[in-house]
Amino acid sequence: MADKKATTFFRDRLTLICPCHFGLESVLKREIQDLGYEVSRVEDGKVSFEGDWEAVCYANVFLRTAERVLVEAGTFHAETFEDLFQGTKAIAWERFLPRDAKFWVAKATSVRSKLFSPRDIQSIMKKAMVERMRQAYHLTQFPETGCPFPLRVTIMKDEVTVGIDTTGVSLHKRGYRLLTAKAPISETLASALILLTPWKKDRILVDPFCGSGTFPIEAAMIAANIAPGMNREFLAEQWEHLIPKRSWYDVADDANSRIDDQIETDIQGYDIDGEIVKAARENARNAGVDHLIHFQRRPVSELNHPKKYGFVITNPPYGERLEEKKELPALYREIGQAFSRLDSWSEYIITSYDQAERYIGRKADKNRKIYNGMIKTYFYQYIGPKPPAGNSSRRRSFA
């Protein structure tokens, strides 16, 4: 029965929703298009595209900048709780959920809408789903002992979008970062910022505030074409009535076949804390890219490189605590002095410190506002000259 249903529904046309960091939707859009899917909608903090159940596998395994992958179960208008109940009940839940499914509204968000209480939204939608499932499966009670189906609901200007989460633990949890520094940047955000720059695998990349190594590791994974979701599990792997197990194996095989980790790279990570540098090396080993990165204990005041046309991509301290904020002017002056020694390089900095340009001593060529969780940050972009044709700057040098 399960196999037959999987065969029937596997090629269904679906709308998939991928949340991402605010301000980085264009990067995720390009990723989705590069996978061969048609983007149908770009909104603040999410990108939607058309696909089938196989696309659920590909999106979870391959997308570097999405936070998770949702299957759009339905959309409708709701200004009252009765509207919400009837709209939820009208969705064909039996198309997705087996009779023993465990289902609940894991998260409800309301923006500029008449319905605004997350708890009430969650409760009413659960009741409506139970009512629909009772009618569809002719049951009075549900054991909810089967596969989990958490829902994520957004109400924007009274328009309800209901998504079924296929991912589970957020996609930024690649599985390699077992040891972290204080205030680490997320893997998805680091990848998105790298992809926002013109950096390519044959160019030098240095992170002088590498912390647990996220920027260098994500860069190395991009360079070696290692899919970010290869070494973790996803919630939808349990949904064998919708996605045959073979599909996950096929996508994993495809991801494996694309890897080229014998490339030559010049990716470096520095940090002033020796213990943090050790943690970064361990994380790189877990990601399978330690041979592609050189980590070293080194303060930003000693940042230098004999080669031209490299990239600095980094996440220096923000100074969120009052006592740390006092140290920021001196730190950002050091960053500015280091940049002046790399006059043919491009430098990219993400920070919430709004005086960064002042103390670096130079106005950024571009400044992009990005939300890192609830923190408003600025992605300062100092764009250096392009290398002349035929220039090679990829040979290692750690001088």
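This is a short tour of a predicted model, one selection at a time.

**Colour by confidence.** The mean pLDDT is 93, and 93% of the residues score at least 70. Now select residues 1–8. Here the pLDDT is below 50, and the stretch makes 10 contacts in the model beyond near neighbours in sequence. Go next to residues 394–399. The pLDDT is again below 50 there, with 27 contacts beyond near neighbours in sequence.

**Select the largest nonpolar core.** It holds 61 residues. Show Trp53, Val56, Leu84, Trp93, Leu97, Val162 and Ile164, the residues with the most contacts inside this core.

**Zoom in on Leu97.** Which residues does Leu97 touch, leaving aside neighbours within four places in sequence? Its contacts are Phe103, Met129, Met133, Tyr137, Phe149 and Ile164.

**Follow helix α5.** Select residues 118–137. At 1.5 Å a residue, these 20 residues should span 28 Å, and the end C-alpha atoms are 28 Å apart, so the two agree. Now show the buried residues of α5: Ile121, Ile124, Met125, Ala128, Met129, Val130, Arg132, Met133 and Tyr137. An α-helix has 3.6 residues a turn, so residues three or four places apart point the same way. Met129, Met133 and Tyr137 are also contacts of Leu97.

**Finish at His138.** This residue follows α5, and its phi is positive, near 55 degrees.

Technical notes
Residues are numbered from 1 along each chain as its sequence is written. This is a predicted model: local features need pLDDT of at least 70, side-chain atom pairs count only at pLDDT 80 or more; totals for chains, interfaces and linings use all residues. Side-chain values use heavy atoms; hydrogens and water are left out. A nonpolar core is a set of buried Ala, Val, Leu, Ile, Met, Phe, Trp, Tyr and Cys residues joined through side-chain atoms within 4.5 Å. Buried means under 20% relative accessible area, exposed over 50%, partly exposed in between (1.4 Å probe, protein chains only). Contact means heavy atoms within 4.5 Å. Helices (H or I, at least four residues) and strands (E, at least two) are DSSP runs, numbered from the N terminus. The expected span of a helix is 1.5 Å times one less than its number of residues. pLDDT is the predictor's confidence in each residue, from 0 to 100.
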